Amino acid sequence: MIKSHIFSNQAWWFVVGFIGLVLLMGLGHKAQAAERIVTIDGSVTEIVFALGLGDKVVGRDITSRYPEAVNDLPDVGYMRQLTVEGVLSLSPDLIIATSDAKPSKTLDRLQASGIRVEIIENTPSLDGIMHKVEQIAAVLGVPERGRDLNQVIAQEFDQAIAIIAEQQASGASQPQGIFVLTVRNGNLSVAGKGSRANELLKMIGVTNPVEQQIYNYQQLSAEAAININPDFIFMLEQGVSMSGGKQAVLNNPVLKHTQAFDQQRLIIMPNDALNFGPRLGQMISHVYQQWQQESSATRHTAKNGNQ
């Protein structure tokens, strides 16, 4: 019995020692992993900087444009067209990307090369952003900073939504608007259900008439455009530029018989408006004010034209 008891104690201490060693190795891995970070997705980059670890970022993708300092960092291309060579050239020891990053085989090869790769869920909503912050803060070993950042994000979002709701309370009608990603060869790529643009339109009080007909991004026919007859067109700066400029978009034959064309209503949003990062509250306030100013200018022009 005594021999058995001694053996049990030895076994117990062996197990405790082994667990402690594993934990130390894990902590050591995390500490080393935070030295050279490549961020994939504008929201991830913003969150890492907002957590106070921007000095660890050595590279980012081209959707990362904020804060200003990231524009001085090397970029590894578009987040859905990543290459192994482009990322490896920066010698990262940690890659943080969202689940939107592609192709997956590139990320698999990076991980197989020994680099730590963390894939973060990406849902375009307030809860989705806060969960993203929580996950990234945990990866970087700063969960307290993540909780502090989430408090600020929630507060700014609630304030923005409250102001929009108050201003729209007296509105007589619910405006309809569509988000156009690009115009190519006369065809419009339009956002529907499941897209970040659709979620942003809902947050600022705009009804997307193609939400139920289109999933993510699909082309819109001239017949469909006439049927839905949107009041407003929303686009990113980059999309307008790639489509030949504001007038080229508004003169598109697909839009020719719509209210948006008649009133020349094109709302041009900042390129990072759809990041769904820590500045969500600021961004929806900004786009909402842009939309209101454009609406006022259109009404003023129409009123003067009728005099």
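Biologist: What makes Asn 216 count as partly exposed?

Modeller: Asn 216 has a relative accessible area of 34%. Buried means under 20%, exposed means over 50%, and partly exposed lies in between (1.4 Å probe, protein chains only). The value of 34% falls in that middle band, so Asn 216 is partly exposed. One caution: this is a predicted model, where local features need pLDDT of at least 70 and side-chain atom pairs count only at pLDDT 80 or more, while totals for chains, interfaces and linings use all residues. Residues are numbered from 1 along each chain as its sequence is written, and side-chain values use heavy atoms, with hydrogens and water left out.

Biologist: Where does Asn 216 lie?

Modeller: Asn 216 is in the loop between H7 and S7. Helices (H or I, at least four residues) and strands (E, at least two) are DSSP runs, numbered from the N terminus. Asn 216 is not a glycine, yet its phi is positive, about 60°.

Biologist: What makes Ser 91 partly exposed?

Modeller: The relative accessibility of Ser 91 is 48%, so Ser 91 counts as partly exposed. This residue sits in the loop between H3 and S3.

Biologist: Why does Thr 182 count as buried?

Modeller: Its relative accessibility is 14%, so the label is buried. Thr 182 belongs to strand S5.

Biologist: Which residues is Thr 182 in contact with, leaving aside its neighbours within four places in sequence?

Modeller: They are Asn 187, Leu 188, Ser 189, Met 235 and Ser 243. Contact means heavy atoms within 4.5 Å.

Biologist: How do you know that S5 and S6 pair?

Modeller: Count the bridges. Two strands pair if DSSP finds at least two bridges between them. Strand S5 (residues 177–184) and strand S6 (residues 187–191) are joined by 4 bridges, so they pair. The two strands run antiparallel. Arg 184 stands opposite Asn 187 in S6.

Biologist: What is the strand order in the open sheet?

Modeller: The order of its 5 strands is S7-S6-S5-S8-S9, with mixed pairing.

Biologist: Why are S7 and S9 said to stand at the edges?

Modeller: Strand S7 (217–220) and strand S9 (266–269) each have a single partner strand, so one side of each is left without a neighbour in the sheet. Neighbouring strands of this sheet are turned by 40° against each other on average, direction ignored.

Biologist: Which helix packs on the sheet?

Modeller: Helix H7 (residues 196–203) does, touching S5, S6, S7, strand S8 (232–236) and S9. The direction of H7 makes about 150° with that of S5.

Biologist: What makes H7 mostly covered?

Modeller: Of its 8 residues, 6 are buried. They are Arg 196, Ala 197, Asn 198, Leu 200, Leu 201 and Met 203. After H7 comes Gly 205, with a positive phi near 90°.

Biologist: How do you know that S1 and S2 pair?

Modeller: Strand S2 (residues 57–60) and S1 share 3 bridges in the parallel sense. Ile 37 stands opposite Val 57 in S2.

Biologist: Why is the H5 and H6 pair given its orientation label?

Modeller: H5 and helix H6 (residues 143–168) pack at about 165°, with axes 8 Å apart. That value is over 145, so H5 is roughly antiparallel to H6.

Biologist: What makes the bond from Tyr 66 to Pro 67 cis or trans?

Modeller: Its omega is near 0°, and the bond is cis. The bond from Lys 102 to Pro 103 is cis too, with omega near -10°.

Terms used:
Axes are lines fitted to C-alpha atoms, for helices over the stretch in contact, and angles run from 0 to 180 degrees between N-to-C directions. Angles under 35 degrees count as roughly parallel, over 145 as roughly antiparallel, 65 to 115 as roughly perpendicular and the rest as oblique.
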